[in-house]
Amino acid sequence: MPIHEIRHPLIRHKLGLMRRADLSTKNFREMAQEVAALLTYEASKDLPLEPHTIEGWCGEVAVEKLAGKKVTVVPILRAGIGMLDGVLSLIPGAKVSVVGIARNEETLQAHTYLERLVGALDQRLALIVDPMLATGGSMVATIDMLKKAGCRNVRALVLVAAPQGIDAVLGKHPDVHIYTASIDSHLNENGYIIPGLGDAGDRIFGTR
Ligand code: PRP
Ligand code: URA
């Protein structure tokens, strides 16, 4: 199944802290990046390697290095920025493609306002980052955009996913693997994930 709920103790612990309504913006931000790094570790487990020879302290050593074009990380503005550094802490050479999408709070429809993708997407793995997968509209729009630009290898990293969002993504893009710290219960009448984290963008940027 292309849905991976990573039930690592460190992730469970940190996510539990993030659910606290009284957690400070500073701590919420830090934990979003830490959980993003832990999800990255899982999502990069099968990256291809190639053999390589280096000059070591005792002469030549056969080692390995990541093969192919560099990964692109795709934060969905705004809240995806809150996971970007966590991914880059493990994959510092990654290229960053920025996508701006806002969800209309009444209709819940995703509106795209920015598209800045890196080149050679047909040769790259794209790691989309966004803390919340709710109706799935924002994620589906991002995957549509990446595939239209030639990308064939897409993975999504989200802190919390709702079953409805997972169904929406996998219904349209069954080849995309989703890595999440938690599959939560459901969406409320306003399209918020329950129990979720609240408005992730507001909590990361300290707005409201
Ligand atoms: C939030 C969140 C996702 C989207 C999820 O962003 O970060 O991008 O909603 O909802 P969906 O799955 O129903 O599309 P929002 O549109 O609130 O923008 P922000 O990041 O600028 O706060
Ligand atoms: N966006 C958020 O920030 N939180 C949700 O629960 C749903 C969408």
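Ala, Val, Leu, Ile, Met, Phe, Trp, Tyr, Cys and Pro count here as nonpolar, Asp, Glu, Lys and Arg as charged, and the others, Gly among them, as polar. The model is predicted.

**Ligand sites**

On that scheme, the two shells divide as follows.

| Shell | Nonpolar | Polar | Charged |
|---|---|---|---|
| Ligand 2 | five residues | three residues | one residue |

Ligand 1 has 23 residues around it. Arg78, Arg103, Thr135, Ser138 and Gly201 come nearest. Several elements each give two or more residues to this shell: strands β4 (72–77), β6 (98–103) and β9 (132–133), plus helices α4 (137–148) and α6 (200–205).

Around ligand 2 lie Met132, Ala134, Gly191, Tyr192, Ile193, Gly196, Asp199, Ala200 and Gly201. Gly201 is also one of the residues that come nearest to ligand 1.

**Annotated domain**

The UniProt record, an unreviewed entry, lists residues 7–207 as "domain: Phosphoribosyltransferase". Over this span the chain is 33% helix and 32% strand. The end C-alpha atoms of the span are 30 Å apart.

**Helix α5**

Which residues of α5 are buried? In this helix, residues 163–172, they are Gly165, Ile166 and Val169. Their arc around the axis is only 100°, so they sit on the same side of α5. An α-helix has 3.6 residues a turn, so residues three or four places apart point the same way. The cover over the buried residues of α5 includes β1 (3–5), β9, α4, β10 (153–161) and β11 (177–183). Of these, β9 and α4 also give residues to the shell around ligand 1.

Conventions:
Residues numbered from 1 in each chain as written. Chains lettered and ligands numbered in written order. Predicted model: local features only at pLDDT ≥ 70, side-chain atom pairs only at ≥ 80, totals over all residues. Near = placed C-beta within 6 Å. Helix = DSSP H or I, 4+ residues; strand = E, 2+ residues; numbered from the N terminus. UniProt positions renumbered as here; feature names shortened; annotations may be inferred. Buried ≥ 20, exposed ≤ 12 C-beta atoms within 10 Å, placed from the backbone. Arc of directions from axis to C-beta. Contact = placed C-beta atoms within 7 Å.
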